[in-house]
Amino acid sequence: MNVTVFGIGYVGLVQAAVLADVGHNVCCVDVDQKKIDDLKNGIIPIFEPGLTDLVVDNFKKERLQFTTDAQTGVDHGELQFIAVGTPPDEDGSADLSYVLSVAGKIASIMDSPKIIINKSTVPVGTADRVRSHISDILSMRGLDISYDVVSNPEFLKEGSALEDCMRPERIIIGTDSEDAEFLMRELYEPFSRNRDKVMIMDVRSAEFTKYAANCMLATKISFMNEMANLAERLGVDIEEVRKGIGSDSRIGYHFIYPGCGYGGSCFPKDVQALERSAREIGYDAKILKAVEEVNHSQKEVLFHHVKSFYNGKSLAGKTFAVWGLAFKPNTDDMRQASSRVLLEALWQEGAKVQAYDPEAMEEAQRIYGIRDDMVLMGTKEAALHNADGLIIVTEWKSFRVPDFEKMLEELKDKVIFDGRNLYDPKRVEAHGLSYYGIGRGRSIIKKQ
Ligand code: UDX
């Protein structure tokens, strides 16, 4: 099938590459000339395992093309994906201007029937707005061309986006048109071979499903973080509790890992946006507000642990090794990352950091520039050198089996603050190190 994808960011590029890989002809359109030129030269703007090979391979096979020319894109596909960003407005609600602008562009160019598919995460009712925007433009042009607007939210996770896209658990399609349903089923047929993954529902329900899914997951995390904070103060080890409750199949083991808060481009934005949408219709979404509030303070927990360890004294002159800058492993993304809250709080106190992240160091440099109090180190071991303590922010695999003897040798204050509960406290302490995780019952907070 001929498919066009507008917006070659994270979601758009992954979706385009995966559709091309199963044999569709995909035209990618973006307004950013440099990005398009880079993609043609095999330079991929984001880090995602396997993506470069997939893009380069399908570009060579001419199943994937890149252009800044909207006319080429609109002419190319009967199916037109909109995968542009929906950044938060000043008040936290989703800014739809990019989505509407692409829809307007398609309407002002199209001269044959099209299916417009919204892939971006958008509030309930957006498809209706897109539909009427297109209709206004077509009637201004004096044209009567048939078109459908479909909602098809993505559920991909950074770091495993290709896998999520190639082997989705479900494909949600919101439409009330039989023609659109037929074409969408055909498009996704290669992904539904083992079992039918396509779920057809009305457009508004599809739009809401995406928000409800992300908010549910964020709720699980904030709930566990609250339990961890209680465990901390009650002398309970949350990791034992996690296993204990996870074994109940109604609860399950997924997404109940306590830590130093969730970040990324989706959870913080989507929880906020749904809470704002609720407010607009006069509903007070108490759980969503609490989820956000808990997460906000959870990002400060590591810093509080550090402060408590030093009995509230100033951290000026201290140097901390920081392992992990990305908001989660297998990505270089630092959007809303807990590391940023930690770094900024440490700097505010006059402390220095020696940071190491397997992928996100360039990103840290881009965000913070060159500064005396942030030294980016080539290896995790180098980051320990002459540091007072170690702070772990991201659960990269390579941090899971550390050399505790080396830590003991290098860390002046012989202390580890672990925001992701990577180690067994008894094992670390047996090496002569102090160890403070999240909710491990070590009650470091009492020292404040
Ligand atoms: C998320 C959703 O999982 C995905 O379905 C949606 O399409 C986009 O948003 P992503 O933001 O890539 O994906 O990351 P995810 O793996 O979900 O992790 C989000 C954050 O939650 C990370 O900061 C992670 O460290 C944190 N997390 C996750 C926890 O703190 N505890 C957990 O148990 C799970």
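Helices (H or I, at least four residues) and strands (E, at least two) are DSSP runs, numbered from the N terminus. The model is predicted: local features need pLDDT of at least 70, side-chain atom pairs count only at pLDDT 80 or more, and totals for chains, interfaces and linings use all residues. Residue numbers start from 1 along each chain as its sequence is written.

**View 1. Threonine 121 in its loop.** Threonine 121 sits in the loop that joins strand S5 (114-118) to helix H6 (126-140). Threonine 121 counts as buried because 22 other C-beta atoms lie within 10 Å (buried: 20 or more other C-beta atoms within 10 Å of its own, with C-beta atoms placed from the backbone). Beyond its neighbours within four places in sequence, its contacts are Thr86, Pro153, Lys210 and Asp270 (contact: C-beta atoms, placed from the backbone, within 7 Å).

**View 2. Glutamate 158 in its loop.** The loop between strand S6 (147-151) and helix H7 (161-166) holds glutamate 158. Glutamate 158 is buried, as 23 other C-beta atoms lie within 10 Å. With residues up to four places away in sequence not counted, glutamate 158 touches Glu48, Gly264, Lys328, Thr331 and Asp333.

**View 3. The shell around the ligand.** The ligand is surrounded by 19 residues, and the closest are Glu158, Tyr257, Tyr262, Gly264 and Cys266 (near: C-beta atom, placed from the backbone, within 6 Å). Helix H9 (residues 203-234) supplies the largest share of this shell, three residues. The ligand lies between domain 1 (2-201) and domain 2 (206-448), because both give residues to the shell; the domain bounds come from an automatic or database domain assignment.

How values were computed:
A residue is buried if 20 or more other C-beta atoms lie within 10 Å of its own, exposed if 12 or fewer, and partly exposed in between; C-beta atoms are placed from the backbone. Two residues are in contact if their C-beta atoms, placed from the backbone, lie within 7 Å.
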